[in-house]
Amino acid sequence: MSAIDELYQATIVDHDRAPRNGGRLAGATHHATVDNPLCGDVITVQARIVDGAVQDIAFEGRGCALSRAAASIMTTMVQGGTPDAARRLATAFEHFVQSAPDAAIPEDLGDLRAFAGVRRFRSRRVCAMLAFRTLMQALDAGT
Amino acid sequence: MCAREWRRARLREVALDTEALRREFPALDTPVHGRRLAYLDSASTALKPRAVIDAVVRVFTHEAGNVHRGVHALSEAATEAFDAARDEIARFIGGRPDEIVLTRGTTEAVNLIAHSWGRAHVGPGDVVIATALEHHSNLVPWQVLCAERGATLRIAPVDDGGRLELAAFAALLDDRVKLVAVSQLSNVVGTIAPIAQIAALAHAAGALVVVDGAQAVAHLAVDVAALGCDFYAFSGHKLFAPTGTGVLWGRRAVLAEMPAWQTGGEMVAAVDYGRARLREPPHRFEAGTPNIAGVIGLAAAIRYLATIDRAAVARHEARLHRRLVDELTAQRGVRVLGDPEAAVVAFTVAGAHPHDIATIVDRDGVAIRSGHHCAEPLHHRLGVDASVRASLAHYNDDADVDALIASLARVREVLS
C-alpha cells in the first residue's frame with residue numbers, strides 16, 4: 001500500500017464523506033472553537049455532559065479530510081463515556097499520531113487506528129489532532 | 001522565406017533552453033519521493049541557482065569577516081562585496097544606492113515603514129488604504145499602526161476577477177489619506193495592479209504609496225522611477241537569493257526625514273553615554289550586523305538574472321502560465337480564483353480540501369502551496385476558505401504542468 005493509500009484509508013474517507021454527529025447540539029454544557037493556523041480551518045465541538053457522562057457530542061466546522069474524519073470518529077468513541085475517558089483517549093491518540101511510522105498500533109484506539117498513515121506526514125499530524133484538542137478545551141472551559 | 005518559416009525561425013531563436021536553465025538549479029536534480037520534482041511553489045520561495053549557492057559559500061570561505069568594522073583583510077573583502085551588492089540592487093530596480101535599505105525581507109521592510117514613517121506621519125483621524133488583495137505582511141502592519149494611532153484603515157475593493165476597482169479606489173481618496181499600500185502582483189490571484197495610475201491618484205490626494213513587490217520582482221521588469229511609488233519592498237528569497245534578505249527602496253527625500261526604528265550599532269555616527277547621533281539613510285535603518293552572505297547572495301542572484309534573456313523568460317512564463325490556467329479550468333470540479341495574469345494560479349477542487357490535495361500530489365513529486373497563502377481576507381472575499389496554488393519560475397516546463405494535471409486525477413481517486 002502506498003503512503004497515500006495508507007493515509008487516506010477507507011475508514012477516513014468514509015467519515016470525511018459522511019461525518020457522524022455533525023452539526024450543532026441543543027443544550028450543550030461544554031463547547032470550544034479552535035483554529036488551525038496552518039490553513040485557517042476552524043472546528044467547534046459541543047458536548048452535553050450530564051451525571052458525569054458525555055450524553056451527546058457534536059462538531060461542526062470546515063477542514064480537511066483528516067480533521068473531519070478525526071472529529072467524526074472521536075464523537076462516536078467518546079459518546080456515552082466519562083470526560084476522563086475522553087481525556088485518556090485524547091492522550092493516547094496524540095501519542096499514537098506522534099509515534100514512529102512503523103511502531104505498533106495500539107489495539108484500544110478503535111477506528112482511530114485508521115490514522116496510522118499520518119505518522120509519515122509530519123505537517124499533517126496537527127490536522128488529525130485538531131478535534132481532540134478542541135474537545136479538551138471544551139472540557140476544560142465548560143460552557 | 002515565407003511568413004510561416006520566418007515565424008518558426010524566430011521561435012527557435014527566442015525559445016528558452018529550459019533544460020540548460022534547469023541544470024543551474026541543484027534542487028531540481030534531487031528526486032522527491034522517488035519522483036522527478038515538479039516545483040510549482042516558487043511564489044513561496046524560489047529555488048537557488050548554483051551561482052547564488054557558490055557566492056554564499058565563497059563568503060564563508062574567503063570573505064568571512066564583519067562589514068564596516070574591521071581593517072583586516074577578511075573584513076575589507078566582506079565590506080567591498082557587501083557595498084557592491086547594494087549598488088547592484090539599486091541598479092536592478094532603477095534606484096540609487098543610498099535609497100536601498102537592506103532588511104530581512106518584505107515583511108520587515110513594510111514594518112520599517114509602519115514603525116518609522118507611519119508613527120511620524122499617521123495620527124488620529126488619518127486614513128491608510130490597503131487593497132483587498134494584500135498579503136498579511138502588507139495589511140497587518142497597517143491594522144496595527146491605525147489602531148495605535150487612532151487612524152482608520154480603508155480597504156480598496158477588487159472585482160470577482162481579483163482586479164483592483166480603480167474607480168472605487170479613487171473614491172476612497174481624500175485629504176485624510178496618508179498612505180496607500182498595494183501589491184504589484186497578487187500572490188493569490190496573480191493579477192497585476194496598475195501602480196503608476198494608483199500612484200498618480202494617491203499623490204494627487206497627498207498620500208504616499210507603498211508597493212509590495214515580493215511577487216512582482218521575480219517576474220516583471222521593475223523600475224521604481226517609472227512606477228512612481230514612494231516605497232518598494234521585496235524579498236531576496238523569491239528572487240532566487242537566500243532567505244533572510246530583503247530590500248526597502250524609499251524615495252531619497254522621504255527616507256531622509258524618517259526617524260530610526262531599530263537602534264544600536266552600525267546605524268550611529270557618534271555616541272556618548274547620554275545620546276547618539278544617527279547616520280544618514282540607508283544606514284540609519286540598518287542596526288546591527290546585517291545578513292552579509294545573504295546580501296552578497298542577492299547580488300549574485302541579480303547578476304545571474306542578467307545572464308539570461310529576460311524577454312525570452314517572460315514569454316516562456318506567459319505561455320506556461322496560460323497553459324496551466326487553461327488546463328486547470330478544463331478540469332472537472334476545478335475553480336480557478338480570479339483571472340490570473342501572471343506567474344501564479346490559485347484554485348479549488350470540489351470535494352477535496354486544499355491540504356489533502358497538496359499532500360497527495362506531493363507524493364507524485366509535485367510541490368504546490370495549500371492554505372490561504374497569508375491572504376485570508378482575500379480568500380473570504382472570493383468566497384472560499386482556502387485554496388491550492390501553483391506558481392511558476394523560468395525553470396518550470398511543460399512536464400511540470402503535466403505532472404500536476406496527472407496528479408489531480410489521483411486526488412479524485414484517493415478521496416472518493
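In which handedness of crossing does α3(B) pass α11(B)? Keep that one in mind for the first stop. This is a predicted model, so local features need pLDDT of at least 70 and side-chain atom pairs count only at pLDDT 80 or more, while totals for chains, interfaces and linings use all residues. Residues are numbered from 1 along each chain as its sequence is written, and chains are lettered from A and ligands numbered from 1 in the order in which they are written.

**Stop 1: two helices in chain B**

Select α3 (50-62) of chain B and α11 (292-307) of chain B. Helices here are DSSP runs of H or I with at least four residues, strands are runs of E with at least two, and both are numbered from the N terminus. The crossing is right-handed, meaning that the near helix is turned clockwise from the far one by less than a right angle. The two axes come within 8 Å and cross at roughly 145 degrees. Axes are lines fitted to C-alpha atoms, for helices over the stretch in contact, and angles run from 0 to 180 degrees between N-to-C directions.

Now show the side chains. On α3(B), the residues that meet α11(B) include B:A51, B:V52, B:A55 and B:F60. Among their counterparts on α11(B) are B:I292, B:I296, B:G297, B:R303 and B:Y304. Contact is defined by C-beta atoms, placed from the backbone, lying within 7 Å. Colour by class and you get 12 nonpolar, 1 polar and 1 charged residues. Nonpolar covers Ala, Val, Leu, Ile, Met, Phe, Trp, Tyr, Cys and Pro; charged covers Asp, Glu, Lys and Arg; the others, Gly among them, are polar.

**Stop 2**

Most residues other than glycine have a negative phi, and most peptide bonds are trans. With that in mind, go to B:P281 and B:P282, which are joined by a cis peptide bond with omega of about 5 degrees. B:P282 sits in the loop between β10 (276-278) and α11 of chain B.

Next, pick B:H68, in the loop between α3 and α4 (73-93) of chain B. B:H68 is not a glycine, yet its phi is positive, about 55 degrees.

Find B:E266 in the loop between α10 (252-256) and β9 (268-271) of chain B; B:E266 is partly exposed, with 18 other C-beta atoms within 10 Å.

**Stop 3: domains of chain B**

Colour chain B by domain: domain 1 is 3-30 + 309-414 and domain 2 is 53-306, with bounds from an automatic or database domain assignment. Their C-alpha centres lie 28 Å apart. Across the boundary, 21 residues of domain 1 are in contact with 21 residues of domain 2. On the domain 1 side, α12 (310-329), β12 and α14 (376-381) of chain B each supply at least two residues. That side has 13 nonpolar, 2 polar and 6 charged residues.

**Stop 4: a sheet in chain B**

Select the open sheet of 4 strands ordered β11-β12-β15-β14 (chain B), paired antiparallel. Strands pair if DSSP finds at least two bridges between them. β11 (334-336) and β14 of chain B are at the edges with a single partner strand each, so one side of each has no neighbour in the sheet. Neighbouring strands are turned by 30 degrees against each other on average, direction ignored. Between β14(B) and β15 (residues 387-391) of chain B there are 3 bridges; B:R369 has B:R389 as its bridge partner.

**Stop 5: where the chains touch**

Show both chains: the contact takes 15 residues from chain B and 14 residues from chain A. On chain B's side, α13 (354-362) and β14 (369-371) each supply at least two residues, and α13(B) gives the most, with 5 residues. The side of chain B divides into 5 nonpolar, 6 polar and 4 charged.

**Stop 6: over to chain A**

Finish on the open sheet of 3 strands, β1-β2-β3 (chain A), with antiparallel pairing. Look for 9 bridges between β2 (residues 41-50) and β3 of chain A, and for A:A47 opposite A:I57 in β3(A). Helix α3 (residues 65-78) of chain A lies across β1, β2 and β3 of chain A, at about 170 degrees to β3(A).

Methods
Two residues are in contact if their C-beta atoms, placed from the backbone, lie within 7 Å. A residue is buried if 20 or more other C-beta atoms lie within 10 Å of its own, exposed if 12 or fewer, and partly exposed in between; C-beta atoms are placed from the backbone.
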